[in-house]
Amino acid sequence: MVGDIGDELKARREGENGHCAMPHTADTRLHAWGTTREHCLTEAVRALVDAFADVSDVHPTAVERVRLAPGGDEELLVALLDEVVFRLEVAGRVPVDVEAEPTDDGGVEVRLSLADLGDVTVVGAAPKGVSWQELHIGPDSYGWTCTVIVDV
């Protein structure tokens, strides 16, 4: 995670992926960046998890694959974050690692390494949903960037 905008710009110029959470009225605003669309998506998942849980010392107990159907970049971002919220709410599982690869048809294949919620340290309010308000994902001069507001 990066401390300020100057650090982020330096990291992006050096080809690093990353993320941060920013305060937002009654919600959480996540910002992520990556050298590719898929790296940006995985950093968005990491930002979502970091906003409510410390998973730094937790080992996964399960691995699940998710295939996101082809669609617009915004739809892929929301679908992926919704998958994380669903697993948290329904199964009580939290991603401790995530990888994503593009599929030949424009979709994304995601591997979520999961741990039980009881095994992580909760540090904030759990996410309840992803807002389409002020949603952004797209390429720029240094790779890809996204911003999303998460309801808590």
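## Close-up views of a predicted model

**View 1. L81 and its contacts.** L81 touches A44, V45, L48, V130 and V148, leaving aside residues up to four places away in sequence. The model shown here is predicted.

**View 2. The largest nonpolar core.** This core has 40 residues. L77, L81 and V110 touch the most other members. Several elements each supply at least two of its residues: β2 (27-34), α2 (37-50), β4 (62-68), α3 (73-91), β5 (93-102), β6 (108-116) and β10 (143-151). The largest share, eight residues, comes from α3.

**View 3. An open sheet of three strands.** The strand order is β4-β6-β5, with antiparallel pairing. β4 and β5 are the edge strands, and each pairs on one side only. On average, neighbouring strands are turned by 20 degrees against each other, direction ignored.

**View 4. The pairing of β5 and β6.** These two strands pair in the antiparallel sense over nine bridges. A100 has V110 in β6 as its bridge partner. V110 is also one of the core residues that touch the most other members.

**View 5. Helices on the sheet.** α2 packs on the sheet and touches β5 and β6. The direction of α2 makes about 170 degrees with that of β5. α3 lies across β4, β5 and β6. Its run is at about 145 degrees to β4.

**View 6. The hairpin of β9 and β10.** Strand β9 covers residues 136-140. β9 and β10 pair in the antiparallel sense over five bridges. Two residues lie between the strands of this hairpin. D140 stands opposite G143 in β10.

Note on methods: Residues are numbered from 1 along each chain as its sequence is written. This is a predicted model: local features need pLDDT of at least 70, side-chain atom pairs count only at pLDDT 80 or more; totals for chains, interfaces and linings use all residues. Side-chain values use heavy atoms; hydrogens and water are left out. A nonpolar core is a set of buried Ala, Val, Leu, Ile, Met, Phe, Trp, Tyr and Cys residues joined through side-chain atoms within 4.5 Å. Buried means under 20% relative accessible area, exposed over 50%, partly exposed in between (1.4 Å probe, protein chains only). Helices (H or I, at least four residues) and strands (E, at least two) are DSSP runs, numbered from the N terminus. Contact means heavy atoms within 4.5 Å. Two strands pair if DSSP finds at least two bridges between them. Axes are lines fitted to C-alpha atoms, for helices over the stretch in contact, and angles run from 0 to 180 degrees between N-to-C directions.
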